[in-house]
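Open the model in your viewer and keep the selection tool at hand.

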Amino acid sequence: MNSRDLDPALLRLLGTDEPEIDCDECFAQLDRYVELELSGAPADTHIPGLRAHLVGCPACAEEHESLRALLELDSVS
Ligand SMILES: [Zn+2]
């Protein structure tokens, strides 16, 4: 992809210095993030920074795993 063709506002979103959210923001967005993931949507595009946070935060990564397992169970029943 040629980044010079992108809108500056979008570039800031995608930016090289990816915005990392904090735990509060992570918890607030986690439901939506998992739903997007399970529906096959580009969750990282919709909620920038969450993936980066999960990588660096074991507590939220664990919350993400259990929420995801829960919603996966929900979707089959
Ligand atoms: Zn966290």
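How many salt bridges does the count come to? The count comes to 4 salt bridges, a salt bridge being a side-chain nitrogen of Lys or Arg within 4 Å of a carboxyl oxygen of Asp or Glu. This is a predicted model, in which local features need pLDDT of at least 70 and side-chain atom pairs count only at pLDDT 80 or more, while totals for chains, interfaces and linings use all residues. Residues are numbered from 1 along each chain as its sequence is written, and side-chain values use heavy atoms, with hydrogens and water left out.

**Whole chain**

Colour by secondary structure. The protein chain has 5 helices and 0 strands, with helices (H or I, at least four residues) and strands (E, at least two) taken as DSSP runs numbered from the N terminus. Of the 77 residues in the chain, 23% are buried. Buried means under 20% relative accessible area, exposed over 50%, and partly exposed in between (1.4 Å probe, protein chains only).

**Arg51 and its partners**

Select Glu37 and Arg51. Their closest N and O atoms are 2.8 Å apart in a salt bridge. The pair links distant parts of the chain, with Glu37 in helix H2 and Arg51 in helix H4 (residues 50–56), 14 residues apart. Glu37 counts as buried at 18% relative accessibility, whereas Arg51 is partly exposed at 33%.

Asp44 forms a salt bridge with Arg51, at 4.0 Å between the closest N and O atoms. Asp44 is partly exposed, at 39% relative accessibility.

**Arg68 and Glu72**

Move to helix H5 and select Arg68 and Glu72, which lie 4 residues apart and so are separated by about one helical turn. Their side chains meet in a salt bridge of 3.5 Å, N to O. Arg68 is partly exposed at 26% relative accessibility, and Glu72 is partly exposed at 36%. Now select Glu37, Asp44, Arg51, Arg68 and Glu72 together: salt bridges that share partners join these residues into one network.

**Cysteines**

Select Cys23 and Cys60. Cys23 is partly exposed, with a relative accessible area of 32%. Cys60 is buried, at 1% relative accessibility. How many disulfides does a search of the whole structure find? The search finds 0 disulfides, where a disulfide is a pair of cysteine sulfur atoms within 2.5 Å.

**Last stop**

Select Glu62. This residue is found in helix H5 and is exposed, with a relative accessible area of 61%.
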